[in-house]
Amino acid sequence: MDYEEAKIKFINTWGSLGTLWGINKAMAQIQALLFITPNPLSMEDIMEELKISRGNTSMNLRQLMDWGIVTKELVAGERKEFFTTEKDVQELTRVIAKERSRREIRPVIKVLKDVSSIQDDGTQKTKELIKQTKALKELTENADLMINNLVDKNQNWITKSLIKLIK
């Protein structure tokens, strides 16, 4: 497999995996392209490389910047905007985990808290709703805490520990 084939395969695979992580395919493909490209790319470079529209590119770059994984970079002598992404895999994982917690997990915890704190009217169905939603809230809070504690620690330590567990 040559460079071009490998690049296309990586970008397409990353794009498909992106949907599993809660982002759309084009957004994941843009991040993948920036990830494997040594120099910042302009919007036009990204559009040409991925064969996507200006609107789609612009919208997804904005979302990636909102996530904190893509940044604008100044290129001396250029009027265009250029973009780059976090290149450190562990830092990228940390940023994504934190953002997913903020966007997805914490809102669910709030809903579970609201639902589990309804007034108990003494009926079996209300008692069951309160019991199950409290249990789910506690589990979700613990999972969120564990994820946040893991990503806040020294990533080299975590990686080495996980590799030791797998071997």
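Lys-51 is found in the loop between α3 (43–50) and α4 (54–67). Helices (H or I, at least four residues) and strands (E, at least two) are DSSP runs, numbered from the N terminus. This is a predicted model, in which local features need pLDDT of at least 70, side-chain atom pairs count only at pLDDT 80 or more, and totals for chains, interfaces and linings use all residues. Residues are numbered from 1 along each chain as its sequence is written, and side-chain values use heavy atoms, with hydrogens and water left out.

**Overall fold**

- The protein chain has seven helices and three strands.
- Along the sequence, their pattern in the protein chain is α-α-β-α-α-β-β-α-α-α.
- The protein chain is more spread out than a compact globule, because its radius of gyration is 21 Å, well over the 15 Å that the globule rule gives for 167 residues.
- The radius of gyration is taken over C-alpha atoms, and the globule rule is 2.2 Å times the number of residues to the power 0.38.
- Along the principal axes, the C-alpha atoms of the protein chain fill a box of roughly 70 × 45 × 30 Å.

**Burial, surface and charge**

- Of the 167 residues in the protein chain, 31% are buried.
- Buried means under 20% relative accessible area, exposed over 50%, and partly exposed in between (1.4 Å probe, protein chains only).
- The protein chain exposes about 11,100 Å², and carbon and sulfur atoms supply 58% of that area.
- Accessible areas come from the Shrake-Rupley method with a 1.4 Å probe; for residues, only the protein chains shown count as cover.
- Take contacts in the protein chain between residues at least 6 apart in sequence: 54% of them join residues at least 24 apart.
- Contact means heavy atoms within 4.5 Å.
- The protein chain carries 27 positive and 24 negative charges, and their mean positions are 4 Å apart.
- Lys and Arg count as positive and Asp and Glu as negative, while His and the chain ends are not counted.
- Each charge is placed at NZ of Lys, CZ of Arg, CG of Asp or CD of Glu.

- Ser-42 sits in strand β1 (residues 41–42).
- Ser-42 counts as buried because its relative accessibility is 1%.
- Beyond its neighbours within four places in sequence, Ser-42 is in contact with Lys-80, Glu-81, Phe-82 and Phe-83.
- Met-43 belongs to helix α3.
- With a relative accessible area of 14%, Met-43 is buried too.
- Not counting residues up to four places away in sequence, Met-43 touches Arg-54, Thr-57, Ser-58, Leu-61, Glu-81 and Phe-83.
- Met-43 and Lys-25 are 18 residues apart in sequence, and their C-alpha atoms are 17 Å apart in space.

- Lys-51 is exposed, as its relative accessible area is 69%.
- Phi of Lys-51 is near 60 degrees, a positive value in a residue other than glycine.

**Helix α5**

- Arg-103 is in helix α5, and Glu-104 is in this helix (residues 89–116).
- Arg-103 counts as partly exposed at 35% relative accessibility.
- Glu-104 is partly exposed at 29% relative accessibility.
- The side chain of Arg-103 makes a polar contact of 2.6 Å with the side chain of Glu-99.
- The side chains of Glu-104 and Arg-100 are joined by a polar contact of 2.7 Å.
- A polar contact is a pair of N or O atoms within 3.5 Å; within protein, one must be able to donate a hydrogen and the other to accept it, and residues adjacent in sequence count only if both atoms are side-chain atoms.
- Leaving aside neighbours within four places in sequence, Arg-103 is in contact with Asp-66 and Trp-67.
- Glu-104 and Gly-22 are 82 residues apart in sequence and 9.4 Å apart in space, C-alpha to C-alpha.

**From the α5–α6 loop into α6**

- Gly-122 lies in the loop between α5 and α6 (124–152).
- Gly-122 is partly exposed, at 47% relative accessibility.
- From Gly-122 to Glu-4 the C-alpha distance is 66 Å, and the two are 118 residues apart in sequence.
- Thr-126 lies in helix α6.
- Thr-126 is buried, with a relative accessible area of 9%.
- Neighbours within four places in sequence aside, Thr-126 is in contact with Ile-118, Gln-119, Asp-120 and Asp-121.
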